[in-house]
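Thank you for sending this model; my comments follow as numbered points. Please read them with the structure open beside you.

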Amino acid sequence: MATKGTILVTGGTGYIGSHTTVELIQAGYKVVSLDNLSNSSINVLEGIEAITGIRPTFYEVDCNDEQAIEAVFAKHPDIQGVIHFAASKAVGESVQKPLLYYRNNLLSLIVLLEAMQRHGTKGIVFSSSCTVYGQPEILPVTEDAPIQVALSPYGNTKQINEEILRDAVYAGASYKVIRLRYFNPIGAHPSALIGELPLGAPQNLIPYLTQTAAGIRQELSVFGDDYNTPDGSCIRDYISVVDLAKAHVLAVERILDEAKGSEALETFNIGTGRGVSVLELIRTFEAATGVKVPYKIVGRREGDIVQVWANPERANKVLGWQAQESLADTLRSAWAWQVRLGEREK
Ligand code: NAD
Ligand code: UFG
């Protein structure tokens with residue numbers, strides 16, 4: 001089968017990288033995947049193969065290793081675009097180990113951009129985050145909202161990465177750049193063959209919730225019910241990881257297809273446009289799965305944003321992307337994945 005082109009996916013065995021690899025393969029792209037396996041397992045490739053029938057070419061490589069990255073580009077002169085997921089992403093750990101985060105998340109991007117320039121790669125799609133907006137004054141938040149001082153070294157790496165990409169484009173880089181600002185990615189592939197694999201006690205809401213529902217954790221702590229929101233708990237825009245993965249396919253298409261007329265640097269919010277509170281999310285999960293989630297209200301978590309949700313209009317109009325999955329379906333997929341993880345451990 002003729003492919004649409006070859007895409008290098010860094011962080012390819014990670015949570016979002018694996019789902020995006022599936023969507024790219026299903027859309028007709030050839031994927032060259034790389035990961036240093038610092039936060040994922042090689043077994044993810046089996047899941048990708050089981051879903052798509054294709055095992056992507058994979059390299060266990062660190063993005064900061066210039067020679068190894070050069071070797072991947074040299075071996076695959078057909079690489080037309082890069083999707084750069086590889087990064088360290090634990091907010092709390094970044095406060096403890098800031099230099100690790102600055103080194104891993106900044107150097108890897110620089111190494112990749114230099115290799116792309118050398119090899120004439122057409123463009124890069126970069127994983128950014130709505131964390132760059134901090135607590136926005138106006139909701140839903142648009143891409144033009146001011147960037148606020150980062151609350152963690154991790155958040156700061158996303159801001160600096162965005163600036164590196166902007167400056168490289170302004171300086172006349174040969175490649176195009178699309179920065180995707182994700183809201184809160186959740187859920188798993190409907191096959192339950194790939195999903196999120198948190199190591200140790202999860203820091204994020206959904207894996208903690210599904211582990212509690214499975215009886216692995218005693219109860220979920222809801223961090224605060226005294227915020228100035230309708231039910232007092234924090235509000236986020238929870239986006240299905242499969243919908244998010246599809247946004248990357250459209251972003252790659254936009255970069256590779258001259259006729260789409262993409263600019264040298266573009267930025268898109270990737271969210272549903274709907275804010276959901278923590279308590280509402282628990283209720284929706286219980287209704288969708290029929291499984292109870294024991295929870296208690298505890299104090300606020302330091303540094304939490306009170307409420308944020310996306311204005312995704314630019315992505316809707318320009319990228320032609322729209323979130324499709326309902327929250328209930330996405331939560332059911334997260335639960336199916338949790339159940340499958342439990343079965344694998346038996
Ligand atoms: P993940 O940890 O599951 O995936 C990242 C992958 O990158 C892992 O497999 C890890 O082993 C790999 N990796 C890390 N450093 C590397 C290096 N130097 N070289 C090679 N591989 C390396 O995380 P994810 O949730 O899939 O996130 C993907 C990207 O999206 C990250 O850049 C993250 O910051 C960003 N993001 C994630 C979220 C979220 O809530 N999950 C939200 C906004 C942005
Ligand atoms: N929450 C709880 N209990 C928990 C975990 C979370 O009540 O055990 C609450 C939080 O207070 C917050 C909401 O659930 O209100 C979501 O929290 P997450 O930790 O799942 O997600 P955040 O929005 O805080 O942050 C995540 C990533 C960031 C990223 C951001 C936007 O951790 O790195 O989404 O993409 F920048």
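Which residue's side chain is joined to that of arginine 181 by a polar contact of 2.9 Å? The partner is tyrosine 133, where a polar contact is a pair of N or O atoms within 3.5 Å, and where within protein one atom must be able to donate a hydrogen and the other to accept it, residues adjacent in sequence counting only if both atoms are side-chain atoms.

1. Basis of the note. This is a predicted model, in which local features need pLDDT of at least 70 and side-chain atom pairs count only at pLDDT 80 or more, while totals for chains, interfaces and linings use all residues. Residues are numbered from 1 along each chain as its sequence is written, chains are lettered from A and ligands numbered from 1 in the order in which they are written, and side-chain values use heavy atoms, with hydrogens and water left out.

2. The sheet. Seven strands make up an open sheet with parallel pairing, and their order is E3-E2-E1-E4-E5-E6-E11. Strand E3 (57-60) and strand E11 (265-270) are at the edges with a single partner strand each, so one side of each has no neighbour in the sheet. On average, and ignoring direction, neighbouring strands here are turned by 20 degrees against each other. Strands are DSSP runs (E, at least two residues), as helices are (H or I, at least four), both numbered from the N terminus, and two strands pair if DSSP finds at least two bridges between them.

3. Pairing in detail. Strand E1 (residues 6-10) and E2 run parallel and are joined by five bridges, with threonine 6 having lysine 30 in E2 as its bridge partner. Strand E4 (residues 79-84) is paired in the parallel sense with strand E5 (residues 123-129) over four bridges, and here glycine 81 has glycine 123 of E5 as its bridge partner. E2 is mostly covered, since five of its six residues are buried; buried means under 20% relative accessible area, exposed over 50% and partly exposed in between, with a 1.4 Å probe and protein chains only.

4. Arginine 181 sits in strand E6 and is buried, its relative accessible area being 3%. Leaving aside neighbours within four places in sequence, its contacts include Ser128, Ser129, Glu143, Glu162 and Thr267, contact meaning heavy atoms within 4.5 Å. Helix H6 (residues 153-170) lies across E5, strand E6 (176-182) and E11, and runs at about 150 degrees to E5; axes are lines fitted to C-alpha atoms, for helices over the stretch in contact, and angles run from 0 to 180 degrees between N-to-C directions.

5. Ligand 1. There are 26 residues around ligand 1, the closest being Asp35, Asn39, Ser40, Asn104 and Tyr154, where a residue counts as near a molecule or strand if one of its heavy atoms lies within 4 Å of it. A polar side-chain atom of asparagine 104 is 2.7 Å from a nitrogen atom of ligand 1, and a backbone N or O atom of cysteine 63 is 2.9 Å from a nitrogen atom of this ligand. Serine 38 places a backbone N or O atom 3.1 Å from an oxygen atom of ligand 1.

6. Ligand 2. Among the 21 residues around ligand 2, those that come nearest are Ser129, Ser221, Arg236, Arg301 and Asp304. A backbone N or O atom of serine 221 lies 2.6 Å from a nitrogen atom of ligand 2. An oxygen atom of ligand 2 is 2.8 Å from a backbone N or O atom of phenylalanine 183, and an oxygen atom of the ligand is 2.8 Å from a polar backbone atom of leucine 205.

7. Cysteines. Zero disulfides are found in a search of the whole structure, a disulfide being a pair of cysteine sulfur atoms within 2.5 Å. For cysteine 234, the closest cysteine sulfur is that of cysteine 130, 12 Å away and too far for a bond. Cysteine 234 is buried at 4% relative accessibility, and cysteine 63 is buried at 6%.

8. Backbone points to check. Most residues other than glycine have a negative phi, and most peptide bonds are trans. The peptide bond from leucine 139 to proline 140 is cis, with omega near -5 degrees, and proline 140 is in the loop between E5 and H6. Leucine 37 has a positive phi near 60 degrees and is partly exposed at 22% relative accessible area. Alanine 192 also has phi near 60 degrees, but is buried at 8% relative accessibility.
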